[in-house]
Amino acid sequence: VSLFSSADGSIIFKTQMIRKVEEYSEKTNVAISRLYYQSAGSPISFSGSAKSQDDFLAFKKLLDNDPKIKDVSLPLEGARTTPSGVEFSLTFLENAK
């Protein structure tokens, strides 16, 4: 029973994190193209695009300021400007506190 309870809690938390990223992307006109979230405690990785650098920075700021998210990482090669805007890859960890 505790195994199922633990699995249910993990699924609920993953769903909440995915919804949070989706909410932030909608607020800032960012399109998420790929999301990778293996298990609790492992980094959450995703890539996407924004129409402008300002949209991208607003999205990253929302992640940085969220108390349930920590260690937002944007590798140097993780963001590049294209004719249609900015393409990026980010990772972060869930803040279990």
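Phe46 and Phe59 are both buried, where buried means under 20% relative accessible area, exposed means over 50%, and partly exposed is anything in between (1.4 Å probe, protein chains only). This is a predicted model, so bear in mind that local features need pLDDT of at least 70, side-chain atom pairs count only at pLDDT 80 or more, and totals for chains, interfaces and linings use all residues. Residues are numbered from 1 along each chain as its sequence is written, and side-chain values use heavy atoms, with hydrogens and water left out.

**The phenylalanine rings**

- Let's stay with those rings: Phe46 and Phe59 form an edge-to-face aromatic pair, at 5.8 Å centre to centre and 85 degrees between the planes.
- Here is the rule behind that label: rings of Phe, Tyr and Trp (its six-membered ring) pair if their centres lie within 6.5 Å, and planes under 30 degrees apart count as stacked, over 60 as edge-to-face and the rest as tilted.
- Phe46 sits in strand S2 (residues 44–50) and Phe59 in helix H2, so this pair ties together parts that are 13 residues apart in sequence.
- Phe59 also pairs with Phe88, and that pair is tilted, with 5.9 Å centre to centre and 45 degrees between the planes.
- This second pair links distant parts of the chain, since Phe59 is in helix H2 and Phe88 is in strand S5 (residues 85–94), 29 residues apart.
- Phe59 and Phe88 are both buried.
- How many aromatic pairs are there by this rule? The count comes to five.
- Ring pairs join Phe46, Phe56, Phe59, Phe88 and Phe92 into a cluster.

**The overall layout**

- The chain has two helices and five strands; helices (H or I, at least four residues) and strands (E, at least two) are DSSP runs, numbered from the N terminus.
- Walk along the sequence and you get the pattern α-β-β-α-β-β-β.
- The chain has 97 residues, and 31% of them count as buried.
- Look at contacts (heavy atoms within 4.5 Å): of those in the chain with a separation of 6 or more, 56% come from residues 24 or more positions apart.
- The accessible surface of the chain is about 6,400 Å², and 53% of that belongs to carbon and sulfur atoms.
- Those areas come from the Shrake-Rupley method with a 1.4 Å probe, and for residues, only the protein chains shown count as cover.

**Salt bridges**

- A search of the whole structure turns up four salt bridges, each one a side-chain nitrogen of Lys or Arg within 4 Å of a carboxyl oxygen of Asp or Glu.
- One of them brings together the side chains of Lys20 and Asp66 (3.5 Å, N to O).
- That pair links distant parts of the chain: Lys20 is in helix H1 (residues 2–27), while Asp66 is in the loop between helix H2 (53–65) and strand S3 (69–73), 46 residues apart.
- Is Asp66 buried or exposed? Asp66 is buried, with a relative accessible area of 4%, whereas Lys20 is partly exposed at 26%.
- Leaving out residues up to four places away in sequence, Asp66 touches Lys20 and Tyr24.
- Another salt bridge joins the side chains of Glu23 and Lys27 (3.3 Å, N to O).
- Glu23 and Lys27 are four residues apart in helix H1, so about one helical turn separates them.
- Glu23 is partly exposed, with a relative accessible area of 36%, and Lys27 counts as exposed at 55%.
- Over in helix H2, Lys60 and Asp64 are also four residues apart, so they too are separated by about one helical turn.
- The side chains of Lys60 and Asp64 meet in a salt bridge (3.0 Å, N to O).
- Lys60 counts as buried at 18% relative accessibility, while Asp64 is partly exposed at 39%.

- Most residues other than glycine have a negative phi.
- Asn29 is not a glycine, yet its phi is positive, at about 60 degrees.
- You'll find Asn29 in the loop between H1 and strand S1 (30–37), and Asn29 is exposed, with a relative accessible area of 52%.
- Asp71 has a positive phi too, about 55 degrees, although Asp71 is not a glycine.
- Where is Asp71? Asp71 lies in strand S3 and counts as exposed at 53% relative accessibility.
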